[in-house]
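Here is a friendly briefing to read alongside the model. Take a look at the sequence and the structure first, then follow the topics below.

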Amino acid sequence: VPMNFLPAGSKADYIHTGVWTKKAMAEAKTQGEVHVAFDGAKDNFAHIPSDDEIEYSEKPAYAYYCVNNTIYGTEWKHVPKVPAGVPLIADPSSDMFSRPIDVDKHALIFAGAQKNLGPAGATLVIIRKDFMETGRKGLPVMLDYRPLAKEQSMLNTPPCFSIYVVGLVFKWILANGGLEGMAKRNEEKAKIVYDAIDNSGGFYRGVARADSRSLMNISFLTPNPELDALFVKEALAHDMSGLKGHRSAGGLRASVYNAFPKKGCEVLAEFMAEFARKNG
């Protein structure tokens with residue numbers, strides 16, 4: 001993105017909400033100047049900012065945000081409002097097609113396939129044609145959106161199997177109510193686990209603020225790290241894996257992407273209640 005759309009002498013605005021925006025800013029700094037329009041590090045990335053909390057620079061080349069933050073378990077519930085004429089770029093890699101998205105408010109959306117869309121190896125890009133034409137000239141052909149678009153994503157041999165599986169996933173989404181159906185399904189699933197946290201009498205504590213909670217990644221803590229470790233161990237004995245939190249945030253994390261069944265959330269909630277009863 002910055003290689004294409006951050007011209008020399010300009011700056012880009014980044015809304016910093018976690019690890020993935022930190023990585024994106026580091027890459028952008030190799031190409032030009034970065035302005036941090038909001039810095040979530042001040043409260044350990046516990047919430048998504050309101051529009052009033054974001055301070056844009058004067059005439060940025062673009063504004064950038066990551067829609068869902070897998071590590072801290074936060075997710076944008078609204079599209080950030082940007083100054084008139086500023087292109088908005090979104091990375092929804094981890095919640096793409098988990099719910100409807102307002103494409104018209106964005107100049108560019110890109111998403112890795114490996115969470116909700118299919119196996120790793122494919123990337124989905126939605127780009128406004130007039131914005132694409134503003135990209136920097138003289139880039140290597142494989143890093144320039146224009147020739148990729150002109151050749152319908154077949155500038156070279158594409159990852160055929162990954163794309164094929166993504167197509168099957170799209171058919172599955174359509175057969176299950178489309179994006180509205182996915183949103184309803186994911187809200188129901190996440191509520192089961194969040195209710196288990198909120199109804200635990202304080203034994204569990206959510207990492208994300210209640211108004212910023214992700215439907216995809218539910219990050220939470222027990223009263224101490226020793227109990228966190230015991231939770232992971234006992235959950236694994238009940239055939240529930242992957243619940244250890246990321247090293248950046250610690251604690252516990254349940255990832256409940258589109259394909260994860262509602263029954264799994266119910267089983268986890270039952271286990272959480274029993275674990276709290278025994279260890280509270």
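In which helix does Ile-192 lie? Ile-192 belongs to helix H6, residues 178-198, where helices (H or I, at least four residues) and strands (E, at least two) are DSSP runs numbered from the N terminus. This is a predicted model, in which local features need pLDDT of at least 70, side-chain atom pairs count only at pLDDT 80 or more, and totals for chains, interfaces and linings use all residues. Residues are numbered from 1 along each chain as its sequence is written, and side-chain values use heavy atoms, with hydrogens and water left out.

**Around Ile-192**
- Leaving aside residues up to four places away in sequence, Ile-192 touches Lys-262, Cys-265, Glu-266 and Ala-269; contact means heavy atoms within 4.5 Å.
- Ile-192 and Val-232 are 40 residues apart along the chain, and 19 Å separates their C-alpha atoms.

**Around Arg-99**
- Arg-99 sits in the loop between strand S6 (88-91) and strand S7 (108-112).
- With a relative accessible area of 18%, Arg-99 is buried (buried means under 20% relative accessible area, exposed over 50%, partly exposed in between, with a 1.4 Å probe and protein chains only).
- The side chain of Arg-99 makes a polar contact with the side chain of Asp-95 at 3.2 Å; such a contact is a pair of N or O atoms within 3.5 Å, where within protein one must be able to donate a hydrogen and the other to accept it, and residues adjacent in sequence count only if both atoms are side-chain atoms.
- A polar atom of the Arg-99 side chain also lies 2.7 Å from the backbone oxygen of Trp-76.

**Aromatic pairs**
- The whole structure holds 16 aromatic pairs, meaning rings of Phe, Tyr and Trp (its six-membered ring) with centres within 6.5 Å; planes under 30 degrees apart count as stacked, over 60 as edge-to-face and the rest as tilted.
- One of them is the tilted pair of Tyr-64 and Phe-110, 6.3 Å centre to centre with 45 degrees between the planes.
- Tyr-64 lies in strand S3 (residues 63-66) and Phe-110 in strand S7, so this pair ties together parts that are 46 residues apart in sequence.
- Both Tyr-64 and Phe-110 are buried.
- Tyr-204 and Phe-220 pair edge-to-face, at 5.7 Å centre to centre and 80 degrees between the planes.
- Tyr-204 is buried at 4% relative accessible area, and Phe-220 is buried at 0%.
- One aromatic cluster is formed by Phe-203, Tyr-204, Phe-220, Phe-231, Phe-271 and Phe-275.

**Met-142**
- Met-142 is placed in the loop between helix H3 (129-132) and helix H4 (145-150).
- Met-142 counts as partly exposed because its relative accessibility is 41%.
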